[in-house]
Amino acid sequence: MDFEALVKHISTIQNTLQAQAAHAVNLALTSRNWLMGCYIVEFEQSGEDRAAYGEQLLKKLEQRLKTKGLNERRFREFRRLYIVYPQLKEQVLHYIMAGNEIRHTLSAEFTEPIRHSVCAELQTSEIQYNKWSIPAERLFNKLPYSHLKFISKIENPTKRAFYEMEAIRGCWSARELERQIASLYYERSGLSKNKEALSALVQQQATLLQPKDVINTPVTLEFLGLNERALVTENDLEQSILDNLQHFLLEMGHGFCFEARQKRILIDEDYFFADLVFYHRILKCHVIVELKIDKFRHEYASQLNMYLNYFKAEVMQPDDNPPIGILLCTEKGDTLVKYATAGLDPNIFVQKYMIELPSEEEIKEFIVSSNY
């Protein structure tokens, strides 16, 4: 074995076992979510005290559990996963009973209700569905929960099966799946005379699923109990500017109180991150600072406007004043800023910032030392 062979072996081990770890986490996540959906549906159908909770069941469940990542919206997703994919029952049961620790931890009292949980209506739909759908084993093992979450929203079973097939065949990332659904790939395929050619083109251009895509998602991080900051990726320049900007505003005093950095905002089912959030105790309002390592673009103003609207609706207290948004860019055209911000929140301010570069002599020395 030479050095190149060693490198190849180490690389193969890393990639293979990393993929296995991601796959194992995904199977556990899918099983957890399906099981929770199963129990929620069962309680709604035959729970002894279900009448006492009614439409407030999922909200009450969130309040009682107080577990990060388990909220009313997620419970609704889990319930939909169970209802749309009842055929995953045997796969989930087999998975949770496969390990010794799990098998000894979960008693028959836990598993038996699941074995008999699928109601007659779901059993009938399952039989009809399975005549022409992808086998449950392939769905369970090939599609991460992030994919099943998107596909389960599709009401048309034929359309749902189409995206299941294409996502598995192309090993799509969740973002790619979402993009293809949004671009009406199913409808375009129906209109296309050469469906195989269209499919080949789509698969060629698709973004492939990587192990990091399975692990590095909000749902998975919460499931594993990891810090949400693991989602935040910044280059060194942006990190340095944010560090200094945060320090600068705090040093200014005059009422700036630091509240959050990379503030995670959940809107519908998408996560957004506001760079810096302060509360100004004199102005009695939040100040949201967005930094762009780029010249001003019209979509940046729209994004900041969205943050301000979110804070008004979800964060602002009755005695607070409306939030202020500060957008910092490397370059800005006054006319573009004028047109892009017309009609938006009047509290959006766009400014250009400057980076202090090394002296000309230092740059010359660097060029000379690098030219060898």
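Which residues form a nonpolar patch on the surface? Select M1, F3, L6, V7, I10, I13 and L17: together they have about 750 Å² of accessible area. Patch members have over 30% relative accessible area and no salt bridge (a Lys or Arg side-chain nitrogen within 4 Å of an Asp or Glu carboxyl oxygen), and nonpolar side chains are joined within 5 Å. Areas are Shrake-Rupley values with a 1.4 Å probe.

Before moving on, note that this is a predicted model, where local features need pLDDT of at least 70, side-chain atom pairs count only at pLDDT 80 or more, and totals for chains, interfaces and linings use all residues. Residues are numbered from 1 along each chain, and side-chain values use heavy atoms, leaving out hydrogens and water.

Stay on M1, in the segment before helix 1; helices are DSSP runs of H or I, at least four residues. M1 is exposed at 77% relative accessible area (exposed is over 50%, buried under 20%, partly exposed in between).

Next, click L177 and show its contacts (heavy atoms within 4.5 Å). Leaving aside residues up to four places away in sequence, L177 touches H147, F150, I151, Y163, A167 and W172.

The structure holds zero disulfides (cysteine sulfur pairs within 2.5 Å).

Key:
Patch = residues over 30% accessible without salt bridge, like charges linked within 9 Å, V, L, I, M, F, W, Y side chains within 5 Å. Helix = DSSP H or I, 4+ residues; strand = E, 2+ residues; numbered from the N terminus. Buried < 20%, exposed > 50% of the residue type's maximum accessible area, 1.4 Å probe, protein only.
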